[in-house]
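This report walks through one protein model, from strand pairing to charged and aromatic contacts. Keep the structure in view as you read.

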Amino acid sequence: MGDHKEQPLRVGAAVRRRRRALELTLAVVAERSGLSVPFLSQVENERARPSRPSLERIADALGTTAVELLAAADPACSVDVLRADDEGVPPGQARVRPLVRGHHQLHAMEFIGDHDEGREFQHRNDEVMYVVDGGVEVEAEGRAHRLGRGDTLYLSGGVRHRWRATVPDTRVIVVAVADHIEAVEDPSGRR
């Protein structure tokens with residue numbers, strides 16, 4: 001119970017729900033993402049699994065993030081165990097693994113290997129980045145921050161940032177308040 005290791009993460013339904021909510025056709029999403037209509041149809045029907053870059057292109061075309069699509073991929077569970085992936089990803093190969101399955105108030109992702117340093121992020125709510133192994137450089141608010149094993153970086157909502165791994169096989173955990181949550185300020189003006 002709660003152990004869904006045998007069930008692959010199904011992102012197609014989340015892509016379809018988002019596309020339909022925006023009242024977009026597959027052709028429009030294909031044009032925006034640069035991917036083909038047949039491929040997008042296969043993704044939505046769970047006959048193809050998009051790579052991380054393809055999922056990011058789909059998310060961009062749908063005005064969301066890959067994290068949001070992955071989070072919406074499975075129904076929420078009150079207790080759920082997500083087992084470590086034992087696919088044996090070769091050293092030096094990048095991948096992203098959700099640490100929480102379903103649509104929740106909180107997202108947690110593990111980034112392994114290199115990361116697209118050119119991609120800039122700006123999230124509505126707060127996030128924390130924790131370096132499990134290796135090192136990263138984060139550019140935020142015009143400053144570069146070098147982080148090593150065990151270091152944590154907090155970013156308040158709205159801060160534009162980008163990051164890159166500086167050491168091969170770096171592992172980073174990112175935990176963020178979901179974008180669909182309205183963070184409320186306390187009377188002192190802090191969130």
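Strand S4 (residues 135-140) is joined to S5 by six bridges, and the two run antiparallel. Strands here are DSSP runs (E, at least two residues), helices are runs of H or I with at least four, and both are numbered from the N terminus. Two strands pair if DSSP finds at least two bridges between them. Across from Ala144 in S5 stands Glu139. The model is predicted: local features need pLDDT of at least 70, side-chain atom pairs count only at pLDDT 80 or more, and totals for chains, interfaces and linings use all residues. Residues are numbered from 1 along each chain as its sequence is written, and side-chain values use heavy atoms, with hydrogens and water left out.

The open sheet has three strands in the order S5-S4-S7, with antiparallel pairing. Strands S5 (143-148) and S7 (161-165) stand at the edges with a single partner strand each, so one side of each has no neighbour in the sheet. On average, neighbouring strands of this sheet are turned by 20 degrees against each other, direction ignored. Such angles are taken between axes, lines fitted to C-alpha atoms (for helices over the stretch in contact), and run from 0 to 180 degrees between N-to-C directions.

## Two loop residues with positive phi

Most residues other than glycine have a negative phi. Glu141 has a positive phi, near 50 degrees. Glu141 sits in the loop between S4 and S5. This residue is exposed, with a relative accessible area of 67%. Exposed means over 50% relative accessible area, buried under 20%, and partly exposed in between (1.4 Å probe, protein chains only).

Asp169 also has a positive phi, about 60 degrees, although it is not a glycine. Its place is the loop between S7 and S8. Asp169 is partly exposed, at 39% relative accessible area.

## Salt bridges

Side chains of opposite charge can pair when their charged atoms come close. How many salt bridges does a search of the whole structure find? The search finds 11. Each one is a side-chain nitrogen of Lys or Arg within 4 Å of a carboxyl oxygen of Asp or Glu.

Glu44 forms a salt bridge with Arg16, with the closest N and O atoms 3.7 Å apart. Glu44 lies in helix H3 (residues 37-44) and Arg16 in helix H1 (residues 12-21), so the pair ties together parts 28 residues apart in sequence. Both residues are buried. Glu44 also meets Arg19 in a salt bridge (2.6 Å, N to O). Arg19 lies in helix H1, so this pair ties together parts 25 residues apart in sequence. Arg19 is buried at 10% relative accessible area, and Glu44 is buried at 5%.

Another salt bridge joins Arg171 and Glu110 (2.6 Å, N to O). Arg171 is in strand S8 (residues 171-177) and Glu110 in strand S2 (residues 106-112), 61 residues apart. Arg171 is partly exposed at 30%, whereas Glu110 is buried at 4%. A network of salt bridges links Glu110, Asp133, Arg149 and Arg171.

## One aromatic pair

The whole structure holds one aromatic pair. The ring centres of Phe111 and Trp163 lie 5.4 Å apart and their planes stand at 85 degrees, so the pair is edge-to-face. Rings of Phe, Tyr and Trp (its six-membered ring) pair if their centres lie within 6.5 Å; planes under 30 degrees apart count as stacked, over 60 as edge-to-face and the rest as tilted.

Phe111 is in strand S2 and Trp163 in strand S7, 52 residues apart. Phe111 is buried at 12% relative accessibility, and Trp163 is buried at 5%.
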